Amino acid sequence: MDLTDEQAAHLGRAIRAYRTKTLRISQLEAAKRAQLSIATIGRIERGESQSVTDDTIAGVEEALDWQEGSAELVALGGDPIPKDHPRAVVQEFRDSTGTIRHRVSVDHETGETLPVEALAGQIAASGAEEIRVLTRLLSIEAPRRAYVIAILDRILDLVDSV
């Protein structure tokens, strides 16, 4: 991942804050979890690494219990997505007329994939916590962001009609 100086600094500050305040682990423990050197973790946290390999990013995300793609989100000013949070799943298919369509569902913490309509029913029944979780989904990587916005829009329409 190639970063501007500003993005590298932002990512480094966020990693350090998450490591120390959320996980309460040392740089050494983070380095062990990431299977990286403590020097590498230190350089990233200080914002000194503008070019970081995919393996290094994957290690950092693993060490911090972030979902894949979270480091990029953080570098761009978003929030990381914890591993235990749901993710949007988009399946592309062709309907009977040959038109490409998308089927959207959400990976639930149980590992099952819930259709959007089922999730909307759960939101209507249970309250604002799920809305907060869905809002966090908006911080997923850019290629999926449009799908997540469509999900949220559809869910809100369904919730409003209940």
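Contact, on this tour, means heavy atoms within 4.5 Å. The model is predicted: local features need pLDDT of at least 70, side-chain atom pairs count only at pLDDT 80 or more, and totals for chains, interfaces and linings use all residues. Residues are numbered from 1 along each chain as its sequence is written, and side-chain values use heavy atoms, with hydrogens and water left out.

**Stop 1: the whole chain**

Show the protein chain as a cartoon. It has eight helices and three strands. Helices (H or I, at least four residues) and strands (E, at least two) are DSSP runs, numbered from the N terminus. Follow the chain along its sequence and the pattern reads α-α-α-α-α-β-β-β-α-α-α.

Now colour by burial. Buried means under 20% relative accessible area, exposed means over 50%, and partly exposed lies in between (1.4 Å probe, protein chains only). Of the 162 residues, 37% count as buried. Among contacts between residues at least 6 apart in sequence, 49% join residues at least 24 apart.

**Stop 2: the nonpolar core**

A nonpolar core is a set of buried Ala, Val, Leu, Ile, Met, Phe, Trp, Tyr and Cys residues joined through side-chain atoms within 4.5 Å. Select Leu 3, Leu 11, Ile 15, Val 60, Leu 64 and Trp 66. Of the 18 residues in the largest nonpolar core, these touch the most other members. Which elements give two or more residues to this core? They are α1 (5-23), α2, α3, α4 (54-63) and α5 (70-75). Helix α1 gives the most, with four residues. In soluble globular proteins, nonpolar side chains tend to be buried together.

Stay on Leu 3. Leave aside its neighbours within four places in sequence. Leu 3 is then in contact with Ala 8, Leu 11, Ser 49, Gln 50, Val 52 and Ala 75.

**Stop 3: Ala 8**

Select Ala 8, in helix α1. Is Ala 8 buried or exposed? Ala 8 counts as buried, at 2% relative accessibility. Beyond residues up to four places away in sequence, Ala 8 touches Leu 3, Ile 44, Gly 47, Ser 49 and Gln 50. Next, draw a line between the C-alpha atoms of Ala 8 and Arg 43. The two residues are 35 apart along the chain, and these atoms are separated by 9.8 Å.

**Stop 4: where α2 meets α3**

Select residues 27-34 for α2 and residues 38-45 for α3. The helices pack at an angle of about 110 degrees, with their axes 8 Å apart. Axes are lines fitted to C-alpha atoms, for helices over the stretch in contact, and angles run from 0 to 180 degrees between N-to-C directions. The angle makes α2 roughly perpendicular to α3. (Angles under 35 degrees count as roughly parallel, over 145 as roughly antiparallel, 65 to 115 as roughly perpendicular and the rest as oblique.)

Show side chains at the join. From α2 come Gln 27, Leu 28, Ala 31 and Ala 34; they meet Ile 38, Ile 41, Gly 42 and Glu 45 of α3. By class, this contact has five nonpolar, two polar and one charged residues. Ala, Val, Leu, Ile, Met, Phe, Trp, Tyr, Cys and Pro count as nonpolar, Asp, Glu, Lys and Arg as charged, and the others, Gly among them, as polar.

Now find Gln 35, in the loop between α2 and α3. Gln 35 is exposed, with a relative accessible area of 74%. Its phi is near 55 degrees, a positive value in a residue other than glycine.

**Stop 5: along α3**

Colour Thr 40, Ile 41, Gly 42, Ile 44 and Glu 45, which are buried in α3. What do the buried residues of α3 pack against? They pack against α1, α2 and α4. After α3 comes Gly 47, with a positive phi near 75 degrees.

Zoom in on Thr 40, with a relative accessible area of 17%. Its side chain makes a polar contact with the side chain of Arg 43 (3.2 Å). A polar contact is a pair of N or O atoms within 3.5 Å; within protein, one must be able to donate a hydrogen and the other to accept it, and residues adjacent in sequence count only if both atoms are side-chain atoms.

**Stop 6**

Move to Thr 56, in helix α4. Thr 56 is buried, at 13% relative accessible area. Its side chain makes a polar contact with the side chain of Thr 53 (2.8 Å). Not counting residues up to four places away in sequence, Thr 56 touches Leu 36, Thr 40 and Ile 44.

End at Asp 65, in the loop between α4 and α5. Asp 65 is partly exposed, with a relative accessible area of 35%. Phi of Asp 65 is near 60 degrees, positive in a residue other than glycine.
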